[in-house]
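Please look over the sequence and the model shown here.

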Amino acid sequence: MNDIPEGDLLVILRHGPHGNSWLREGLDAALVAAAFGQRVSLLFLGEGVMALLKDQQEGPLGQKGTQPMLEMLGMYDIETLLVDRRALSERGIEVDDLCVSVSLVEGEAIAGALAHHRQILNF
Amino acid sequence: MILHILNRSPSASRVFQQTLDAMGPEDRLLLIEDAVQGALPQLVRYFEPVIGRLFALREDLASRGLDGRCDSRVMVVDVDGFVTLTEEADKTVSWF
Amino acid sequence: MASTEIYRYLTVSDQEIALDPEGYLVHLQDWSPDVALVLAAEEGRELTEEHWEVITVLRDFYARFETAPAMRPLVKAVGQALGPEKGKSLHLMKLFPDSPAKVGARLAGLPKPANCL
């Protein structure tokens, strides 16, 4: 694990796409903060890692998918995407299966990420 | 030090595991709402890693008839104690 | 967000284009360069080549990310597409005084950008 990233805001995402609006709400909060110049990092825990899978699509009723939003994060200078390594392996997901580039974290690095951000929002 | 606040029972939801994973060595955990069931001696094992830093909210215990049934290693605080815990923490994180 | 409330109609070459209360298109597919021209003319804006460049960047951004950009990502997108000289908020403020992200989105036929002053 290289340096623990620091920042103003850590947004924790714990829900996958489509089942509810937590993921979109969390990403929205991250984008608002970034639009106002905050240094924002994302931490994907548990089912939140499903948000990162390639080949996601819009919902059966035409609900927007989250992949375009994830790809847009870089335009908001949100570059730090931390992903719980165990949550990936529990689901048989490899880093190559993800649609954006991420940093894997586990164990103490997760607590470290929380400690090194001024604010935390949990979604 | 971060105050983590959990409101789901460990016997109904696995959110407690994420909470524990995210806790640093000095962080504290406060059980509120349904999570206070985790203060029972039969369920407190889920919180073994944070014994000594584990709190439960008295008002939520009392409303469930659990005040007095808590494991002795759980520190019971009332709402004023909740406020104090919040003041002592750098920040708080809610898990739900 | 795109509003679905029709507030008034804009006449563009004999077609009635529905606008929401803030002047954004109700049906995004109604957009054409002529719509942009008429919207701009209503406000006394003249669209130069430099305006059109930015409108194209805005439309590309929306096609790619399904969201209208706030100011910061707009500046970044313009910089990537048109070079660092133009990827500056000053350049965009000059082209679209008031709020480049909002005015630009309106003229480019995008929904109103969320998360934007």
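Just after helix 1 of chain A, Gly37(A) takes a positive phi of about 90°. Helices (H or I, at least four residues) and strands (E, at least two) are DSSP runs, numbered from the N terminus. The model is predicted: local features need pLDDT of at least 70, side-chain atom pairs count only at pLDDT 80 or more, and totals for chains, interfaces and linings use all residues. Residues are numbered from 1 along each chain as its sequence is written, while chains are lettered from A and ligands numbered from 1 in the order in which they are written.

Helix 1 of chain A
- The 14 residues of helix 1 (residues 22-35) of chain A should span 20 Å at 1.5 Å a residue, and its end C-alpha atoms are 20 Å apart, which agrees. The expected span is 1.5 Å times one less than the number of residues.
- Buried residues of this helix include Leu23(A), Leu27(A) and Ala34(A) (buried: 20 or more other C-beta atoms within 10 Å of the residue's own, with C-beta atoms placed from the backbone).
- Among the elements that cover them are strand 1 (7-13) of chain A and helix 3 (71-82) of chain C.

Contact with chain C
- Here 10 residues of chain A are in contact with 12 residues of chain C (contact: C-beta atoms, placed from the backbone, within 7 Å).
- Helix 2 of chain A gives the most to the side of chain A that touches chain C, with 4 residues.

How values were computed: Buried ≥ 20, exposed ≤ 12 C-beta atoms within 10 Å, placed from the backbone. Contact = placed C-beta atoms within 7 Å.
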